[in-house]
Amino acid sequence: MAIHLYNSLTRTKEEFRPLVEGQVGMYVCGPTVYGPPHLGHAKSYLTFDVLAKYLRQTGLKVRYVQNITDVGHLTDDADAGEDKIIKQARLDQVHPWEVVDRYMRLYFDDMTALRIAHPSFYVRASQHIGEQIEAVVALLKKGHAYEVDGNVYFDVGSFAGYGKLSGRVMDEQREAVRVEARSEKRHPRDFALWKRAEPGHILRWNSPWGPGYPGWHIECSVMSTKYLGETFDIHGGGLENMFPHHECEIAQSEAETGKPFARFWVHNNMVTVDGVKMGKSLGNFRTVRDLLQKHTPEAIRVFVLSTHYRSPTNYTEEAIGAAATGLGRLTQCYATLRDLETRGAPGEEPAIAGLCADTARALGEAMDNDLDTPGAIAQIYEFVTAVNRRLTTGPLPAAAAREAARLLHTWAGDLLGILAEPAAGEGNVDLAPIMDLVIELRKDLKAAKQFSLADKIRDRLKTAGIVLEDTRDGTRWRKA
RNA sequence: GGCGGCAUAGCCAAGUGGUAAGGCGAAGGUCUGCAAAACCUUUACACAUCGGUUCGAAUCCGAUUGCCGCCUCCA
């Protein structure tokens, strides 16, 4: 069975087949770099990280392009408002590109910390100004745009398909509410392709219409089609960008090329905090950096991925804590299996091979079902329970342990990124031989019934961050 | 006002017509010198409410209530 994805364009779950067999082109709306990444970014880029990894795992070659919006856009789509990046630059008293550089690096660092792989490559709006101007010229030439005093607007009325993604009909809606008395636009629905730079607007480029800067939507149309083709497979982004951003992208692109734009539109839902949308403008956002202070990357990932990407994620400290606790069993099981890989007895165990095959199949079915990561996580936990149950009867043969460990490594580690590798020899000194000695000495103490001393060792080690666990097969240790 | 979505156990969360996955928490138990870990058992006979379709619905249709998102920048 091939992967099925919910396509916002058709509002149904469809089987995904790439345009070109074996190859996938995917474009995802990246951040505007004027502030620190927050949990909302994490959910979005985590979603597409897992999607790209899963597509690759199924054997497809994926070109995953993500943009960085670094030219700034107005805080308001009317002619009022201030460019977000320029505003931040003014607040920080630095050049706008220092803002861009700072938050772009922070973005890369935080994504890396969350085990989100780099896309195939990033593209920056500021490095595609020429192409954006060309696109505006082409739209003007085709009669889909008009210029007014250094501003160029897209004529929405000239594109019949406008509204097909978001379901918005071209009526008055709340036009009357919006104060646009001085607008030069022919119709309130029209949107800017190119904006005239007012004095003091530092980020500006020369154009046939005078100095200015591109409109918000045009960069994605230009960069996606430049690197993926006029029609490409998947366009992803946050749900809140469906309208107007994605709707406008479609209008511009299809008006210019006359061909279908993205085939699949994949939108992730929002993150709320205590039931309220988390947003930069609301000031209630949790930055990735803050979260990483309290939780491991794996815990954050398992928390986010245990809600389906199309459902809202409600952040509470309790929920993320519960997710982190549950992860402990997985981590422990994996560490035990890795240990048995080297120490386990020779021989085979068909039951484990069967369990691995069944689990892998179930995991594939879950992922094929519109990226059902909660279902996949449930499968992994069931697998862990089954392995642990088997381990209560004695150690596993090395080969079986290796196979079980590989399954966890592939799905929980490489794909979902929720599996922490056992920390081996942190720091300069390898603790293993030291711990072997301590454990051996303590074993002698226990044999001599010197329990209070044995307990003291265990207590002191716990204070030092090392947990001892006495099992039937001897004592093992791990970092707390 | 327009468009869209969601309502499942104490909490989080799957479920896409055949009589409710998984995680956390809680209770009991096995193992253990004790502890920890692990395992076992229990924890949803009204899946928001009311109707309807069907042999059969958490799952489809309608209405109602509540919540959320978009319609202005936001992942």
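The expected span of a helix is 1.5 Å times one less than its number of residues. Keep that rule handy for the first view. This is a predicted model, where local features need pLDDT of at least 70, side-chain atom pairs count only at pLDDT 80 or more, and totals for chains, interfaces and linings use all residues. Residues are numbered from 1 along each chain as its sequence is written, chains are lettered from A and ligands numbered from 1 in the order in which they are written, and side-chain values use heavy atoms, leaving out hydrogens and water.

**View 1. Helix α1, residues 39-57.** Helices (H or I, at least four residues) and strands (E, at least two) are DSSP runs, numbered from the N terminus. With 19 residues, α1 should span 27 Å, and its end C-alpha atoms are 26 Å apart, which agrees. Of those 19 residues, 16 are buried, so α1 is largely enclosed by the rest of the structure. (Buried means under 20% relative accessible area, exposed over 50%, and partly exposed in between, with a 1.4 Å probe and protein chains only.) After α1 comes G59, with a positive phi near 105°.

**View 2. Rings around Y122.** The whole structure holds 14 aromatic pairs. Rings of Phe, Tyr and Trp (its six-membered ring) pair if their centres lie within 6.5 Å; planes under 30 degrees apart are stacked, over 60 edge-to-face, and the rest tilted. Y107 and Y122 go edge-to-face, 6.2 Å centre to centre with 75° between the planes. Y107 is in helix α3 (residues 96-113) and Y122 in strand β5 (residues 121-124), so this pair ties together parts 15 residues apart in sequence. F108, also in helix α3, makes a tilted pair with Y122: 4.7 Å between centres, 45° between planes. Ring pairs join Y45, Y107, F108 and Y122 into a cluster.

**View 3. Charges over rings, at Y146 and Y6.** A charge sits over a ring if NZ of Lys or CZ of Arg is within 6 Å of the ring centre and within 35 degrees of the ring normal. R186 puts its charged end over Y146, 3.9 Å from the ring centre. Over the face of Y6 you'll find R310, at 4.0 Å from the ring centre.

**View 4. An open sheet of three strands.** The order is β13-β12-β14, with mixed pairing. (Two strands pair if DSSP finds at least two bridges between them.) β13 (276-277) and β14 (313-315) stand at the edges with a single partner strand each, so one side of each has no neighbour in the sheet. β12 (residues 271-273) and β14 run parallel over three bridges, and T272 has N314 in β14 as its bridge partner.
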